[in-house]
Amino acid sequence: AFHSCAFHCEEIVPGRILATSAKAYIDGEMKTAHFINIHNHSLAGHCEDVILDALGPFIDSAEQQPRLVTTILQGDLNQFVADDLAFSLATGTLRHSRAAEVHSPGLWAKLTKRCTWLNHQLHNHFNPGNNTLNTLTKTFVAGPAFRCNFVKFEATAWNPLAACLSGLSDHAPTRIVINGMSRARHGKMYRPVHPSICKLPLFHRNVKLLLEAAQLEKLDAWERWEMHKSILLEAGK
């Protein structure tokens with residue numbers, strides 16, 4: 001179904017960070033989606049506090065009202081993580097990526113540690129310096145991690161080498177599609193928590209923390225049941 005949406009754009013840092021918010025009434029409730037587009041190159045150090053103050057509330061709202069608010073951070077953070085692999089066009093082999101230049105790592109660590117990284121494993125950047133393809137454009141979803149048990153995502157990216165040679169950019173446009181899974185598929189996609197894990201003190205601690213964050217008493221019966229099941233699975237990982 002299509003819904004009438006209201007959009008609002010806010011330039012956090014000119015030319016570098018843009019926040020776009022979409023709001024719509026869906027099933028009698030106001031739902032909000034925040035999209036934060038980031039290009040981290042050449043961000044001045046003095047901007048860090050301004051960025052934290054500006055982006056923090058977007059992440060806070062997704063944590064506090066996960067049913068009503070979705071916040072997605074996507075863009076070029078100029079940082080690699082442990083699982084990133086670069087593809088050498090010269091040798092045709094994969095190797096671990098190493099960032100030649102990392103901008104404001106502390107800033108992004110503070111923000112993204114509160115989010116779930118959607119690891120699409122797509123090469124979306126061409127580095128002409130060492131003739132490699134790598135993954136610099138990343139996508140993060142704010143809010144409780146267990147909420148991602150209810151979604152699936154698909155990612156596609158243009159050929160980064162072709163994008164660079166065409167003069168468009170050394171970054172290839174990356175498209176992320178996030179969909180809710182049908183209720184019938186939930187039980188088939190995740191293994192049950194082994195009974196021995198349920199007896200561990202750490203399991204009970206994790207359940208308690210997740211229950212406090214989820215505020216199940218505010219949900220209707222069906223959603224509360226689904227969320228509680230998801231919490232148990234997340235705590236048992």
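This is a predicted model: local features need pLDDT of at least 70, side-chain atom pairs count only at pLDDT 80 or more; totals for chains, interfaces and linings use all residues.
**Exercise 1. A threonine in strand β9**

Which residues does Thr132 touch, not counting residues up to four places away in sequence?

Solution. 
- Step 1: Locate the residue. Thr132 is in strand β9, which covers residues 132–134.
- Step 2: List the contacts. Leaving out residues up to four places away in sequence, Thr132 touches Ala86, Phe87, Ser88, Arg95, His125, Phe126 and Asn127.
- Step 3: Look at the side chain. The side chains of Thr132 and Asn130 are joined by a polar contact of 2.6 Å.
- Step 4: Classify the residue. Buried means under 20% relative accessible area.

**Exercise 2. The length and bend of helix α1**

Find what span helix α1 should have at 1.5 Å a residue, and state where α1 has a kink.

Solution. 
- Step 1: Take the residues. Helix α1 has 17 residues, 48–64.
- Step 2: Work out the expected span. The rule is 1.5 Å times one less than the number of residues, and for α1 this gives 24 Å.
- Step 3: Compare with the model. The end C-alpha atoms of α1 are 24 Å apart, which agrees.
- Step 4: Find the kink. A kink of about 30° lies at Gly56, shortly before the proline Pro57.
- Step 5: Note the buried positions. In α1 these are Ile51, Leu55, Gly56, Phe58, Ile59, Ser61 and Ala62.

**Exercise 3. The nonpolar cores**

How many residues has the largest nonpolar core, and which element gives the largest share of this core?

Solution. 
- Step 1: Count. The largest nonpolar core has 22 residues, and those with the most contacts inside this core are Ile17, Ile36, Ile51, Leu55 and Trp108.
- Step 2: At least two core residues each come from β1, β2, β3, α1, β4 (69–76), α2 (105–112) and β10 (137–142).
- Step 3: Find the largest share. Helix α1 supplies five residues, the largest share of this core.
- Step 4: Check for another core. A second, separate core has nine residues, including Phe203, Ala214, Leu216 and Leu219.
- Step 5: In soluble globular proteins, nonpolar side chains tend to be buried together.

**Exercise 4. Strand β10**

Why is β10 described as largely enclosed by the rest of the structure?

Solution. 
- Step 1: Count the buried residues. Six of the six residues of β10 are buried, so β10 is largely enclosed by the rest of the structure.
- Step 2: Sort the residues by direction. Thr137, Thr139 and Val141 point one way, while Lys138, Phe140 and Ala142 point the other way.
- Step 3: Identify the partners. β4 and β10 are antiparallel over five bridges, and Leu73 has Phe140 as its bridge partner. Strand β7 (residues 115–117) also pairs with β10 in the antiparallel sense, over three bridges. Here the bridge partner of Cys115 is Ala142.

**Exercise 5. Positive phi in loops**

Where are Asn131 and Gln215, and what values of phi do they have?

Solution. 
- Step 1: Take Asn131. Asn131 is in the loop between β8 (125–127) and β9, and its phi is near 60°, a positive value in a residue other than glycine.
- Step 2: Take Gln215. Gln215 is in the loop between α6 (201–214) and α7 (221–235), and its phi is near 50°.
- Step 3: Classify their accessibility. Asn131, at 31% relative accessibility, counts as partly exposed. Gln215 is partly exposed, with a relative accessible area of 28%.

Terms used
Residues are numbered from 1 along each chain as its sequence is written. Side-chain values use heavy atoms; hydrogens and water are left out. Helices (H or I, at least four residues) and strands (E, at least two) are DSSP runs, numbered from the N terminus. A polar contact is a pair of N or O atoms within 3.5 Å; within protein, one must be able to donate a hydrogen and the other to accept it, and residues adjacent in sequence count only if both atoms are side-chain atoms. Contact means heavy atoms within 4.5 Å. The bend at a residue is the angle between axes fitted to the seven residues ending there and the seven starting there. Buried means under 20% relative accessible area, exposed over 50%, partly exposed in between (1.4 Å probe, protein chains only). A nonpolar core is a set of buried Ala, Val, Leu, Ile, Met, Phe, Trp, Tyr and Cys residues joined through side-chain atoms within 4.5 Å. Two strands pair if DSSP finds at least two bridges between them.
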